[in-house]
Amino acid sequence: MSVNVSEFGSLNDGRIIHKYTIQNKNNVSASVITYGATLTEIWAPDKNGVFKDILVGFDDIEGFIERTDYQGVIVGPYANRIGNSTFTIDGTQYNLVANENKITCLHSNGEFNTAVWNAEIVDDSCVAFSYMSPDGLNGFPGNLKVCVKYSLNDENELKLEYSAVSDKKTVINLTNHAYFNLGGYDSGTILNHRITINANKYTPVDDFSIPTGETADVENTPFDLRNETKIGELIDADCDQLNFTGGYDHNFCINGYDGSVIKAAEVTDPESGRTLEVLTDLPGVQFYAGNFLKGVIGKSGVPMVKRSGFCLETQFYPDTPNHKNFPQCTFNAGETFNSTTIFRFSAK
Ligand code: BGC
């Protein structure tokens with residue numbers, strides 16, 4: 001195990017962005033930069049032991065500032081969408097910045113992912129990133145102290161441990177927005193990858209991608225991914241749900257949610273054999289198939305084409321503050337939010 005620190009780049013105001021790389025005894029490694037506490041690289045072997053970087057992203061800071069679609073970042077204080085950019089806590093209405101269609105709030109108007117985080121090496125397998133979100137920014141109540149610990153073990157598990165505490169009652173929903181391509185970031189689309197999602201239900205959306213409030217059965221729909229399914233198989237099926245979003249971009253309700261860390265999903269690239277398992281203690285996972293990626297230049301000058309990466313964003317359901325029937329994510333002042341997500345890598 002080792003942690004290596006290097007300079008990644010600098011912002012216009014002169015602040016230096018550092019990169020922390022954790023490597024295990026199998027030579028699997030994960031790199032995270034202080035800008036957005038962003039995962040920038042994951043090197044993992046295929047079934048023949050050939051290593052590739054399986055994260056779609058950028059190799060320069062300009063990419064993360066100017067061309068980003070949330071590649072690899074930590075999103076917060078509220079990941080995903082809030083309908084009409086508003087919610088109410090104890091009778092007080094909070095109005096957020098409506099950064100999408102001037103109506104919805106997506107990914108908290110990009111707050112956490114554009115912040116410079118403090119980094120501290122915890123030990124030779126773990127780095128902790130912390131940030132203080134000021135009261136009222138983008139409309140969210142409370143000064144929110146947040147920490148994300150990234151650690152890697154010799155079982156090729158990359159663990160993300162989130163904690164956050166506010167001085168006002170508020171909503172908290174944190175995720176990582178990594179785009180994976182298990183064939184390597186330069187290997188085309190993920191349509192041939194096979195996915196399994198451990199969910200009998202998902203949350204259908206309206207044409208603004210806001211949940212209708214229903215939790216619907218996946219049975220007999222393109223959202224039945226309970227058995228290994230080729231991502232490309234039904235992604236363009238002609239149904240309202242996929243037409244609204246242009247492909248998979250939905251929250252799945254993880255079976256057996258009870259607050260312990262359980263398996264949510266698994267994806268395999270049949271060519272390389274590289275496999276990703278996602279485990280979490282949260283109730284939902286957004287499967288986003290990279291439908292809106294559209295050719296921006298990424299690592300080594302390779303364009304990110306439509307669906308060249310997929311995200312599995314562990315989360316509370318989108319728009320939870322406006323749906324009392326969803327598992328809730330409102331925390332009292334001083335009450336700590338804690339959550340763990342694990343990305344486990346193997347090859348078969
Ligand atoms: C959302 C997509 C959105 C993307 C932005 C995802 O979490 O579900 O709809 O386009 O983030 O990169």
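Analyst: Let's begin with a term: a cavity is a set of grid points where a 1.4 Å probe fits but cannot get out. Keep in mind that this is a predicted model. Here, the largest cavity holds about 50 Å³ of space.

User: Which residues line the largest cavity?

Analyst: The lining is made of Val56, Gly57, Tyr185, Gly298, Lys299, Val302, Pro303, Met304 and Ser308. Sorted by class, that gives five nonpolar, three polar and one charged residues.

User: How many cavities of 30 Å³ or more are there?

Analyst: The count comes to two. The second largest cavity has a volume of about 40 Å³. Around it you'll find Pro77, Ser133, Phe140, Pro141, Gly142, Leu144, Thr170 and Val171. The lining of this second largest cavity has five nonpolar and three polar residues, with no charged ones.

User: Okay, and what about pockets?

Analyst: A pocket, unlike a cavity, is an open set of points with protein on both sides. In this model the largest pocket holds about 220 Å³ of space.

User: Which residues lie nearest the centre of the largest pocket?

Analyst: Those are Arg81, Leu106, His107, Tyr288 and Phe292, out of 15 lining residues. By class, the lining of the largest pocket splits into five nonpolar, four polar and six charged residues.

User: Where does the ligand go, then?

Analyst: The space taken by the ligand is that largest pocket.

User: Which residues are around the ligand?

Analyst: Look for Asp69, Tyr70, Arg81, His107, His177, Tyr179, Asp249, Gln286, Tyr288, Phe292 and Glu313. This shell divides into four nonpolar, three polar and four charged residues.

User: What share of the ligand's accessible area does the protein cover?

Analyst: The ligand has 310 Å² of accessible area on its own, and the protein covers 96% of that.

Conventions:
Residues numbered from 1 in each chain as written. Predicted model: local features only at pLDDT ≥ 70, side-chain atom pairs only at ≥ 80, totals over all residues. Heavy atoms only, no water. Near = heavy atom within 4 Å. Areas by Shrake-Rupley, 256 points an atom, 1.4 Å probe, with all protein chains shown as cover. 1 Å grid on protein atoms, 1.4 Å probe; cavity = no way out; pocket = protein on both sides within 12 Å on 5 of 7 lines; lining within 4 Å. Sits in = over half its atoms within 2 Å of the grid points. Nonpolar A, V, L, I, M, F, W, Y, C, P; charged D, E, K, R; others polar. Points joined across faces, edges and corners; volume = space filled by probe spheres on them.
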